[in-house]
Amino acid sequence: MTYAVGLNLEAGLVFAADTRTNAGVDHLSSFKKVTVFETPGERVLVLMGAGNLSVTQSIIGQLQAWRTAPARGRSGSRKARSLDHAANMFEAARIVGAAVREVDALDGAALEAHGSSFNPTLILGGQIKGEPPRLFLIYSAGNFIESSDETRYFQIGETKYGKPIIVRVHQPDMSFED
């Protein structure tokens with residue numbers, strides 16, 4: 001029962017997510033749904049996930065492992081797959097998409113064999129020094145779209161709860177306080 005939203009305002013990006021998860025009628029828990037990857041003065045990237053919690057946690061774990069992996073040869077280098085070294089936000093979205101596909105390759109068949117689907121949806125946003133803030137919606141296949149003037153926000157999870165509020169109040173020129 002996740003709900004998360006990323007808003008791309010003229011003033012910058014806003015992220016919000018709940019912490020509730022549901023593993024059945026009587027099993028409600030709280031889990032962090034927002035992960036920040038930051039290099040002070042260089043970049044801040046925010047990742048929010050919805051879908052199977054074990055899958056979204058595995059994707060985050062894969063991204064963190066790539067950040068700390070020892071340097072390797074050219075094609076598998078840490079630099080090529082680390083959010084710390086992405087040249088821009090588009091490349092960062094591609095790295096997150098690669099992590100989604102890697103986790104699917106590792107766990108997708110086992111999930112399906114047990115009646116679960118591989119269904120993560122992620123919002124990635126942030127800023128890398130030298131470019132404006134950017135916001136992406138990443139699908140379970142690892143592909144993604146970027147926000148635009150026509151689509152200034154993305155929401156994932158139980159969207160029926162937040163969409164009516166966002167549609168009524170969201171304006172591109174609204175302030176952070178609003």
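The model is predicted, so local features need pLDDT of at least 70, side-chain atom pairs count only at pLDDT 80 or more, and totals for chains, interfaces and linings use all residues. Residues are numbered from 1 along each chain as its sequence is written, and side-chain values use heavy atoms, with hydrogens and water left out.

Helices and strands are DSSP runs, numbered from the N terminus; a helix (H or I) has at least four residues and a strand (E) at least two. Two strands pair if DSSP finds at least two bridges between them. An open sheet is formed by 3 strands in the order β2-β1-β10, with antiparallel pairing. Strands β2 (12–17) and β10 (153–157) stand at the edges. Each has a single partner strand, so one side of each is left without a neighbour in the sheet. From one strand to the next, the twist averages 5°. Such angles run from 0 to 180 degrees between N-to-C directions, and the axes are lines fitted to C-alpha atoms, for helices over the stretch in contact. Strand β1 (residues 3–9) pairs with β2 over 6 bridges, in the antiparallel sense. Val5 stands opposite Ala16 in β2.

Strand β8 (residues 134–138) is mostly covered. Of its 5 residues, 5 are buried. Buried means under 20% relative accessible area, exposed means over 50%, and partly exposed lies in between (1.4 Å probe, protein chains only). Arg134, Phe136 and Ile138 point one way from β8. Leu135 and Leu137 point the other way, and all are buried.

Strand β8 has antiparallel links to β7 and to β9. Strand β7 (residues 121–128) is joined to β8 by 5 bridges. Leu122 stands opposite Ile138 in β8. The two strands β7 and β8 form a hairpin with 5 residues between them. In its turn, Gly130 has a positive phi of about 100°. Strands β8 and β9 are joined by 3 bridges. Phe136 has Glu146 in β9 as its bridge partner. β8 and β9 also form a hairpin, with 5 residues between them. Gly142 in that turn has a positive phi of about 90°.

A search of the whole structure finds 2 aromatic pairs. Rings of Phe, Tyr and Trp (its six-membered ring) pair if their centres lie within 6.5 Å; planes under 30 degrees apart count as stacked, over 60 as edge-to-face and the rest as tilted. Phe90 and Phe144 form an edge-to-face pair, 5.4 Å centre to centre, with 70° between the planes. This pair links distant parts of the chain. Phe90 is in helix α3 (residues 89–113) and Phe144 in strand β9 (residues 144–146), 54 residues apart. Phe90 is partly exposed, with a relative accessible area of 37%. Phe136 and Phe144 also form an edge-to-face pair, 5.5 Å centre to centre, with 85° between the planes. Both Phe136 and Phe144 are buried. Phe90, Phe136 and Phe144 form one aromatic cluster.

A nonpolar core is a set of buried Ala, Val, Leu, Ile, Met, Phe, Trp, Tyr and Cys residues joined through side-chain atoms within 4.5 Å. The largest has 26 residues. Those with the most contacts inside it are Leu47, Ile59, Leu63, Leu83, Val96 and Leu124. At least two residues of this core come from each of β6 (43–50), α1 (53–68), α3, β7 and β8. Helix α3 gives the most, with 9 residues. Another core lies apart from it and has 10 residues, among them Val46, Leu135, Leu137 and Phe154.

Contact means heavy atoms within 4.5 Å. Leaving aside neighbours within four places in sequence, Leu124 is in contact with residues including Leu45, Leu47, Val96, Phe136 and Ile138.

Two further residues are buried. Ser82 lies in the loop between α2 (78–81) and α3. Ser82 has a relative accessible area of 0%. Not counting residues up to four places away in sequence, Ser82 touches Trp66, Arg67 and Ile95. Arg43 is placed in strand β6. Arg43 is buried, with a relative accessible area of 6%. Its side chain makes a polar contact with the side chain of Glu42 (3.1 Å). A polar contact is a pair of N or O atoms within 3.5 Å; within protein, one must be able to donate a hydrogen and the other to accept it, and residues adjacent in sequence count only if both atoms are side-chain atoms.
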